[in-house]
Amino acid sequence: MKICANCFNDIEIKESVEGMPRENGICECCGAEGDVVDISEVEDFFCELLGLFEKDNNGRPVSAIIEQDWNIFSSIASSDKILGDILNRNNFAYSINDNVSYIQDVKECFNVWDELKKEVQTEKSRQDPVVCTGCRLER
């Protein structure tokens, strides 16, 4: 499958795609004419990302989660086509049509992060507010 930088919102991924060996053609994902790359050029990255999910009937489609949490693609249609192609080409335990959720390791990291935020907010509320006066911080 040939894809182009227009398929992505993420600036770093766009720039990465623009820096890859390209050829002139029509993007099989979004239909844009211009520089395209083979999807295999980004496959490793997306395989790593897709490995963060597991099939979960109570979850949501992987495209929806990635778009909400990461905003990588220019559209859900681009997300579905690119991720669907990569899922089909590799040995994942779920497909683009399945509902998924993050794997347990990722969920545990989210929990640690949430606890840290609560601790910081609780500690912050116990202290006097910090006031910035020019170059000095005063309590």
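Buried means under 20% relative accessible area, exposed means over 50%, and partly exposed lies in between (1.4 Å probe, protein chains only). By this scale Arg89 is partly exposed, at a relative accessible area of 41%. This is a predicted model, in which local features need pLDDT of at least 70 and side-chain atom pairs count only at pLDDT 80 or more, while totals for chains, interfaces and linings use all residues. Residues are numbered from 1 along each chain as its sequence is written, and side-chain values use heavy atoms, with hydrogens and water left out.

**Fold**
- The chain has 5 helices and 7 strands, where helices (H or I, at least four residues) and strands (E, at least two) are DSSP runs numbered from the N terminus.
- Their order along the sequence is β-α-β-β-α-β-α-α-β-α-β-β.
- Of the 139 residues, 32% count as buried.

**Salt bridges**
- The structure holds 6 salt bridges, each a side-chain nitrogen of Lys or Arg within 4 Å of a carboxyl oxygen of Asp or Glu.
- Arg89 pairs with Glu43, with the closest N and O atoms 2.8 Å apart.
- This pair links helix α4 (residues 76-89), which holds Arg89, to helix α2 (residues 40-50), which holds Glu43, 46 residues apart.
- Glu43 is buried, with a relative accessible area of 11%.
- Salt bridges that share partners join Lys2, Glu23 and Asp38 into one network.
- Lys2 lies in strand β1 and Asp38 in strand β3 (residues 33-38), so their pair ties together parts 36 residues apart in sequence.
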